[in-house]
Amino acid sequence: LTHGDWIPRNLKVAADGWAVLDWEFCRLDPLVMDLAQSCCTILMWSGLNRVAERIGELVHRYAELTGHEVSRDSVPAAMVLYWLNNYDHWRGRQARLGRYGHVLELQPERLRQVGTFVGAL
């Protein structure tokens with residue numbers, strides 16, 4: 001089971017424990033999809049420098065801490081797939097409910113950012 005939306009506001013940490021919120025995008029997927037979504041968050045919204053290096057560190061630490069080796073080649077592919085899935089999700093919502101055009105308007109730029117990053121690797 002993957003969460004599909006690992007962003008800071010979906011994690012609640014307290015002295016007595018932690019919780020994961022907002023399971024709207026959860027589904028059965030390869031674990032690399034959650035890792036790729038986290039990489040996209042670093043790319044698009046973190047404001048950090050040396051993004052490629054930091055994404056490499058995240059992939060390395062993930063493998064180290066979980067014991068699950070991840071091919072570095074699979075992460076960029078999963079990043080692109082994540083955003084194509086995201087676009088499809090919101091397109092479906094727009095077709096069913098008709099109130100998500102503002103989200104769909106953002107998708108081309110997000111896909112461009114990931115494509116540019118992946119193409120530069």
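Is C40 buried or exposed? C40 is buried, because its relative accessible area is 0%, where buried means under 20% relative accessible area, exposed means over 50%, and partly exposed lies in between (1.4 Å probe, protein chains only). This is a predicted model, in which local features need pLDDT of at least 70 and side-chain atom pairs count only at pLDDT 80 or more, while totals for chains, interfaces and linings use all residues. Residues are numbered from 1 along each chain as its sequence is written, and side-chain values use heavy atoms, with hydrogens and water left out.

**Cysteines**
- A disulfide is a pair of cysteine sulfur atoms within 2.5 Å, and by this rule the count comes to 0 disulfides.
- C39 is in no disulfide, since the nearest cysteine sulfur, that of C40, is 7.1 Å away, and this distance is too far for a bond.
- C39 also counts as buried, because its relative accessibility is 0%.

**Helix α1**
- Helices are DSSP runs (H or I, at least four residues), as are strands (E, at least two), and both are numbered from the N terminus.
- α1 has 14 residues and reaches 20 Å from its first C-alpha to its last, close to the 20 Å expected at 1.5 Å a residue, the expected span being 1.5 Å times one less than the number of residues.
- α1 is mostly covered, with 13 of its 14 residues buried.
- Just after α1, G47 takes a positive phi of about 75°.

**The loop residue W23**
- W23 lies in the loop between β2 (17–20) and α1 (32–45).
- W23 counts as partly exposed, because its relative accessibility is 40%.
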